[in-house]
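Hi,

Here's the structure I promised to pass on. Have a look at it first, then read my notes below.

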Amino acid sequence: MINNDVVGNAGGITVVRARRTTDQTGVPNSSLTTLVFNVEDFDAESAWNGTTYTTPQAGFYEFLVAFRLQATGATAACDLQLILRIGTVTHGIQRILTPSAVGTWFMSGFYYASIAKGVAVQFQILPSFPGATAIKIDAALTPTALIIRRH
C-alpha cells in the first residue's frame, strides 16, 4: 500500500486533486480567465470550490496544473500566459510566445510558495490570439488537471 502523504510528494501532503472533463468554452481573447475544474477527486480540507483554493492554514504550498488550449482562426503571432493569483498578487508561471499563428497549445506549470491562512488562490490564463474567433480549454481531448500539496 502506498501512503500518498509521503511517497512521491517529498514529504508534502496532497490536499486537492481536481480535473476538468468537459471543454471550458467562451474564453475571452486578451482577458484574464480563471481555470475551472468541474470534478473534484480529492479535497482533504474542504478548501476547494472548483475555481478557488482558500488556504486553511499557513504553510508552504506546491501547485501543479496542466491544460490544453485551442484557438480557432488565429492569424498572427500568439501569446499565452499561465498565472497563479495568490490573494491580490499575480505570479507568472509560464509564458509561450510564437512568431506565427498556432491553434493548439499544451501548457503545464509548477509553483511553490509560502502562504498565510485564509488566502484565496486561483489559476488564470491570459490568451492573446489575434484574429481568433473561438478559444477554449480543450478538456475533452486532454485532461485538465490540478494538484495542490502542503509541505
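Let's start with Asp23, which is partly exposed, with a relative accessible area of 22%. Keep in mind while you browse that this is a predicted model.

What does Asp23 pair up with? Its salt-bridge partner is Lys136, and the closest N and O atoms of the two are 3.0 Å apart. This pair links distant parts of the chain: Lys136 sits in strand S10, while Asp23 is in the loop between S1 and strand S2 (33–34), 113 residues apart. Lys136 counts as partly exposed too, at 25% relative accessibility.

Then look at Asp138 and Arg68, whose side chains meet in a salt bridge of 3.4 Å, N to O. Again, distant parts of the chain are linked: Asp138 is in the loop between S10 and S11, Arg68 is in strand S5, and 70 residues separate them. Are these two buried or exposed? Asp138 has a relative accessibility of 2%, and the cut-off for buried is under 20%, so Asp138 counts as buried. Arg68 is buried as well, with a relative accessible area of 16%.

Now for the inside. In soluble globular proteins, nonpolar side chains tend to be buried together. Here, the largest nonpolar core has 34 residues, and the members that touch the most others are Leu35, Phe67, Leu69, Ile125, Phe129 and Ile148. Several strands give two or more residues to this core, among them S1 (13–20), S6 (78–86), S8 (104–115) and S9 (120–128). Which strand gives the most? That's S5, with six residues.

Leaving out residues up to four places away in sequence, Phe67 touches Leu35, Leu80, Leu82, Trp105, Phe106, Met107, Ile125, Ile137 and Thr144.

How values were computed. Residues numbered from 1 in each chain as written. Predicted model: local features only at pLDDT ≥ 70, side-chain atom pairs only at ≥ 80, totals over all residues. Heavy atoms only, no water. Core = buried A, V, L, I, M, F, W, Y, C linked by side-chain atoms within 4.5 Å. Buried < 20%, exposed > 50% of the residue type's maximum accessible area, 1.4 Å probe, protein only. Helix = DSSP H or I, 4+ residues; strand = E, 2+ residues; numbered from the N terminus. Contact = heavy atoms within 4.5 Å. Salt bridge = Lys/Arg side-chain N within 4 Å of Asp/Glu carboxyl O.
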